[in-house]
Amino acid sequence: IDFGNIALEGGNLEFSSEGVVITNINSIKQNNHGIREEYIKNKLDEFKDKIGIAELYMLDVDEICGDDTNGHIDNLVRFLNDDTIVYFASKDKNYCNYEIACKLEKQINIIIKKSKIINKIIPIFHTNRDTFIKNKKIYPYSKLNFISTKDICIFPSLKDNHNLIYEDIHSLPISSKIYILNSEAALLENGGLHCLT
């Protein structure tokens, strides 16, 4: 498939086995300097048609604080199963990513109205306790940057929120075994659990 010199990154493509793809157009625009948004969208639509993607959604939100990927989708929206997505959310107005979370939520609500496959959206809330700062620098922590396999699901944590993660995810419809893993070492390298896989 000819993408016309557009660089697409795996961390910015979220797939379901039912053929739904979600991406963040902001990241694609920022990582492909000088290429017009309309051209990028046309190429993604061609990609959708050529490989038989059932539904393609292009969100447009800024990156969370500290994120050098310009907003990879794996920090913002993930599939839990074919008809359920979880998304980065916040009710904490003092949290550095509150505005981004609000903008994202509006776009997620548009997806749920349009989709014939996705029928459930679940927020995963973030607050100030989910801010990772080291040497006065904020690093891009998101609970959405989890690893999911058939049998296990590993959620990233910080030292300061490790004991509270289960409260945030206890109601998620996950049948596999859940593990919580401190991901500060990966964050210091500007990555995350899903980024590493």
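Biologist: Which order do the strands of the open sheet of 3 strands have?

Modeller: In general, strands of a sheet pair through backbone hydrogen bonds, either parallel or antiparallel. Here the open sheet of 3 strands runs in the order 1-2-3, with mixed pairing. Strands are DSSP runs (E, at least two residues), as helices are (H or I, at least four), numbered from the N terminus; two strands pair if DSSP finds at least two bridges between them. The edge strands, pairing on one side only, are strand 1 (13-15) and strand 3 (55-59). This is a predicted model, where local features need pLDDT of at least 70, side-chain atom pairs count only at pLDDT 80 or more, and totals for chains, interfaces and linings use all residues. Residues are numbered from 1 along each chain as its sequence is written, and side-chain values use heavy atoms, leaving out hydrogens and water.

Biologist: In which sense do strand 1 and strand 2 pair?

Modeller: Antiparallel, over 3 bridges, with strand 2 covering residues 20-24. One example is L13, whose bridge partner in strand 2 is T23.

Biologist: Which strands does helix 2 touch?

Modeller: Contact means heavy atoms within 4.5 Å. Helix 2 (residues 37-51) packs on the sheet and touches strand 2 and strand 3; its direction makes about 160° with that of strand 3. Such angles run from 0 to 180 degrees between N-to-C directions, with axes fitted to C-alpha atoms, for helices over the stretch in contact.

Biologist: And the whole protein: how many helices and strands are there?

Modeller: There are 6 helices and 11 strands. Buried residues (under 20% relative accessible area, 1.4 Å probe, protein chains only) make up 49% of the 197 residues.

Note on methods
Buried < 20%, exposed > 50% of the residue type's maximum accessible area, 1.4 Å probe, protein only.
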